[in-house]
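Hi everyone, thanks for coming. Have a look at the sequence and the model on the screen, and then I'll talk you through a couple of spots.

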Amino acid sequence: MATAASANSLLLTSPPSSSSITHNHAFTPSRISFPNLRSHFDFKQTKNLTTTRCSLENAAAAAKDPKEDNTPIELKFPAYPTVMDINQIREILPHRFPFLLVDRVIEYNPGVSAVAIKNVTINDNFFPGHFPERPIMPGVLMVEAMAQVGGLVMLQPEVGGSRDNFFFAGIDRVRFRKPVIAGDTLVMRMTLVKLQKRFGIAKMEGKAYVGGDVVCEGEFLMAMGSE
């Protein structure tokens, strides 16, 4: 029994041999320390990637607008260009107060397309009745405003149009996406799809935006002429 106990104590106190280090995984130093090393490297790698991503995002933001933090808000947003002012618009469109719903043309391709704006203000004559407690621009007036932009495209002598009048011949697939309220700027694009000069009929597609969001869209069929 003493001999066996001595042998057991020797087994417990003696250092493992090289063969036991090779074959006994419990005493392999690399197996004990490797998980800790891997966690350490993973942490450093994740930290480096996060730092690099943040640096790239900050660099991109600075490159996009280096004066973003210092520029006053009133100087950040450029004004819309003026291709036609209200006086030029009045020379083309027959509409007058309170039904002239186009304030400025900001892009114009005769016989092809036009982009114009309507500044929606609380002083517009339709707001007292639509609605007294929640001023919303009527959808039918958005459609009318878009049609007037279409008139600017077509009522030009150089594209075979007439400066006298134009009329609705049809409206299809009109959708109202969001309400337009006082203080909004309605940006309207009208594009000619098809023109039948013989019959004086023009088919157009239109979209109206506020702040880059579509608020109204549809297809317009218009008849041009003096009668």
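This is a predicted model: local features need pLDDT of at least 70, side-chain atom pairs count only at pLDDT 80 or more; totals for chains, interfaces and linings use all residues.

Residues are numbered from 1 along each chain as its sequence is written, and side-chain values use heavy atoms, with hydrogens and water left out.

Okay, the second largest pocket. Its lining includes R173, R189, K207, E217 and E219. A pocket here is an open set of points on a 1 Å grid over the protein atoms alone, where a 1.4 Å probe fits, with protein on both sides within 12 Å along at least five of seven lines; lining residues have an atom within 4 Å of a point. Strand 5 gives the largest share of that lining, four residues. Strands are DSSP runs of E, at least two residues, numbered from the N terminus.

Now, how many salt bridges does the structure hold? Six. That means a side-chain nitrogen of Lys or Arg within 4 Å of a carboxyl oxygen of Asp or Glu.

One of them joins E219 and R173, at 3.5 Å from N to O. E219 sits in strand 6 and R173 in strand 3, so this pair ties together parts 46 residues apart in sequence. E219 is buried at 16% relative accessibility, while R173 is exposed at 63%; buried is under 20% relative accessible area and exposed over 50%, using a 1.4 Å probe and protein chains only.

And finally, R177, K207 and E217 are linked in a salt-bridge network.
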